[in-house]
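Dear colleague,

Please find the structure below, handed over for your files. My notes on it follow directly after.

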Amino acid sequence: MSEKVIPDPLNIIICGVGGQGNIVASELLASALVEKGFRATVGETYGASQRGGSVMSHVRISKTLEYGVLIPQHKAHLIVGFEPMETLRIARDYANKETTTIFDPRPNYPLGVLIGEAAYPSLQEVEDELCDRCGFVWKIPATDLALSTGNFRAANIALMGALTALPQVPVEAADYDRVMAQRFPEKVLAQNQEVFVLGYEAMRELLEMNR
Amino acid sequence: MEWMTTLDSPGKVFLLQGNEAIVRGALEAGIHFAAAYPGSPSSEILTMLGRIADKRGFYAEWSTNETCALEACMGASFAHARSLCIMKQNGLMTVGDALHTCGLSGVKGGLVLVVADDPSAHSSTNEFDSRNMAVSANIPMLEPSTIQDAKDMIPYAFELSEQLQQIVMIRTVTRINHGRSNVVLGELPKSLRPLKAIGEWDRFVGINWFHESQWEKMDQAGEIFEKSPFNTYEGPEKPALLIITSGTGRLYSREALDTLEEGMSVEVFRNHWFHSREALDTPEVRNKIGILSIGTSWPLPERLVLGHAKKAGKILVVEEVDPFLERGVAAILGKEKDFSVEILGKGKNGVLPRVFELDPDRVRNAIAKALGVDAKDEVPAPAPAAGVTARELTFCAGCPHRATFFIVKQALELTETQGVVMGDIGCYTLGAQRAGHYLISFLGCMGAGINAAEGLGQLNRFGFDQPVVAFSGDSTFFHSCLPGLVNARYHNANMLFVILDNSATAMTGFQPHPGIGRTAMGHPAEPVSIQKVVEAIGCPVTTADPYDVEGGIRLVYDLLKQPGLKVLIFQQPCVTAHIRTIEKTKIWVDPELCRGDACGCGRFCSRIWGCPANIWDDANKRAAIDEVVCAGCGVCVSLCPAGAIKMVEKEAV
């Protein structure tokens, strides 16, 4: 078991828009934890997610007990957001003053915004409100990091890298290597590992700068 | 992740999805036969079974509909095969007759029916509670409360089915099917049990002659359930509050005891929280509350329930969707002479809402209400500041349905009459929303659209002259539109039947259907041609590519002008299912040619066309393409009035 001191259960929410790789990310995280001897549960709310809807996964980790798959409101310790407005939507229901939030600031516009009937909040507004609700808020340009390797679909992996760099999460990069190797063919694995490291390093840098 | 479900390593622990756990349970039970029709949240089960069927030596099929699936399982059971049938709640509604006759006839080889309900209708049009069907069909039913249960109940249900010679239903819910948790693997059989020949006097007939023996099987099931390991009790000998729960309610209730206790000890310290502290002698919730979790939901273990109820101060029933257990418990206790206890549960005046799924907060609040304490959260959250808008569902970038709905909308407008559009079940159900210009005004179950259109199509004798259009997907066409098409053709209804053939059961995850040419096990099969079927029924049929929007509008307009039944097949593969082939093109907006708001098109591409890849570059006041989202279909290229949207082959870039 990890030496990191964590709350029990540790509640993590991974949220975004359908198609961003939310389910894969939560499955990787929870599998890595189960391999390390934890009890993990994942609740996936995807519904008709491939059709551009909001998606979230609840990951709960305990040393001993099995919990229901849903996290009670305002009990998330960590929120990982793949999209700014979705991060805020989830933070409103699940964050508290001690929550740490990591999010990709790249917006994905809903239909109402594209059509011009609704306005998308400014990044500053999103960030301000997130800071108001959470203890720590970190911006990780995950899509840009993934795009820099020519593989924009791996933004989810960049964010998992960033999450792993946080002291609260009892997994290491090597744990991901193991579970990713079980799931991805060689070429995709190498691409994902590259992006994972970029996310991990980006988070490390942010933590260093804010020490 | 079907590889985890096939490992021969009993005792090993894996993170499994509920649907993976069901697959593993099926392997441990040594199934011979599996059949299903896709439907969220159950679809992953047969997808995985299909992939491993050859390796494990059993048979798996995506049947054309749920009735085909269940009756195929009944046939296999006749030869003593262990058969697993899987569907969602709506599927169960369509198999009502088959299920009831199966209950009368009983089974030979074990037959287990997994029905996945969708409380809150996350990916359904409704949240019907299929448990009521087990009562009506008079068959035993189980409900897993954890992912481990979901695995363990499958072999248990097969044993029970063979012991009783009766079909056994397992009702799961979205949070089980699409939840993941640690699962301890059990043993896999070394080989599958041999089948038996059907003898001259063997019978499998669902006639009323067997009604009494069906009841006797239920009596026997009730006795077995009194001692079932899936019914558990945790708590004090005489609880002030007895929670009777099934499914997800067990873990939510257990956690609520922790969070309530936490909240209360904080509040006792602050000395002002709960309104009636007298309700509890001590703040220790755990000493007051017992949880009776019922895994064998029908028939209920009456003596077990009664025994616990008699020691309880009050009862709270926690379950998903209908007050099914609640009614069952009330019926058991109501028969008891000189006994009365308060039962709290769902309803207008209940402590739990009567619609939507449970969650830890709802259950916590219900328990607090039952105890007469305040469950308010400690920290009030800040008020919302930024504007967060709804993220409504839309067709994927490049989806052929976007083009189809645009075509039909334009063609109907050209007729200058109020057309009536009947929808059906699939991705194109979104045609009832903004994504489809709100075209669909009638939506029922699968296959309802064509039948309702046939009805409207007979009303011209009353002067009804609005054009009538019915939509169906390709999988839906095979599933439930064939009798409707025969009916409409025979009675020559005035209607246009549009088949949206995207070569996929797209909504549920691209499962193959009879038009695809590939089976669930990955074997090639001769596809059934929708066009030939329609022609053979005797309908005039036209095929077209929805990506040709202009041609499509002219075609639909012409068809709408013709009397009688017309069939149009729009053929274009689902972009999400075939994404790898289409990503070869790159779409971009030439900022020199796009005139922005000066164009007069009203930002057609981003505002009217509504593809998530057609965005507006607010800094430059020009249209743009989100390259991360764009699928490269190129339809917007043909629609831009200024010709500003360009397409190039990616290799040439």
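I begin with a helix of chain B. The buried residues of H10(B) pack against helix H8 (147–164) of chain B; here two residues are in contact if their C-beta atoms, placed from the backbone, lie within 7 Å. Helices (H or I, at least four residues) and strands (E, at least two) are DSSP runs, numbered from the N terminus.

Please note that this is a predicted model, in which local features need pLDDT of at least 70 and side-chain atom pairs count only at pLDDT 80 or more, while totals for chains, interfaces and linings use all residues. Residues are numbered from 1 along each chain as its sequence is written, and chains are lettered from A and ligands numbered from 1 in the order in which they are written.

To return to H10(B), its buried residues are B:Lys217, B:Ala221 and B:Phe225. They lie on the same side of the helix, because they cover an arc of only 75 degrees around the axis, the arc being that of the directions from the helix axis to the C-beta atoms. On the other side of H10(B), the exposed residues are B:Glu212, B:Ser213, B:Trp215, B:Glu216 and B:Asp219. A residue is buried if 20 or more other C-beta atoms lie within 10 Å of its own, exposed if 12 or fewer, and partly exposed in between, with C-beta atoms placed from the backbone. An α-helix has 3.6 residues a turn, so residues three or four places apart point the same way.

As to the domains, chain B is divided into domain 1 (2–226), domain 2 (232–371), domain 3 (400–571) and domain 4 (583–652); these bounds come from an automatic or database domain assignment. The C-alpha centres of domain 1 and domain 3 of chain B are 33 Å apart. Between these two domains, 18 residues of domain 1 of chain B are in contact with 16 residues of domain 3 of chain B. On the domain 1 side, H3(B) gives the most, with six residues. That side divides into six nonpolar, nine polar and three charged residues. Ala, Val, Leu, Ile, Met, Phe, Trp, Tyr, Cys and Pro count as nonpolar, Asp, Glu, Lys and Arg as charged, and the others, Gly among them, as polar.

Chain B also holds an open sheet of six strands in the order S3-S2-S4-S5-S7-S6, with parallel pairing; two strands pair if DSSP finds at least two bridges between them. Its edge strands are S3 and S6 (141–142), each of which pairs on one side only. Within chain B, strands S5 (111–117) and S7 (168–173) run parallel and are joined by six bridges, and B:Asp117 has B:Val173 in S7(B) as its bridge partner.

Elsewhere, S1(B) and S8(B) pair in the antiparallel sense over five bridges, with B:Phe14 opposite B:Val183 in S8(B). Four of the five residues of S1(B) are buried. S8(B) is also joined to strand S2 (39–45) of chain A by three bridges, and these two strands run antiparallel. There, B:Ser181 in S8(B) is the bridge partner of A:Thr41.

The contact between the chains takes 50 residues from chain B and 52 residues from chain A. The side of chain B that touches chain A has 23 nonpolar, 15 polar and 12 charged residues.

Yours sincerely
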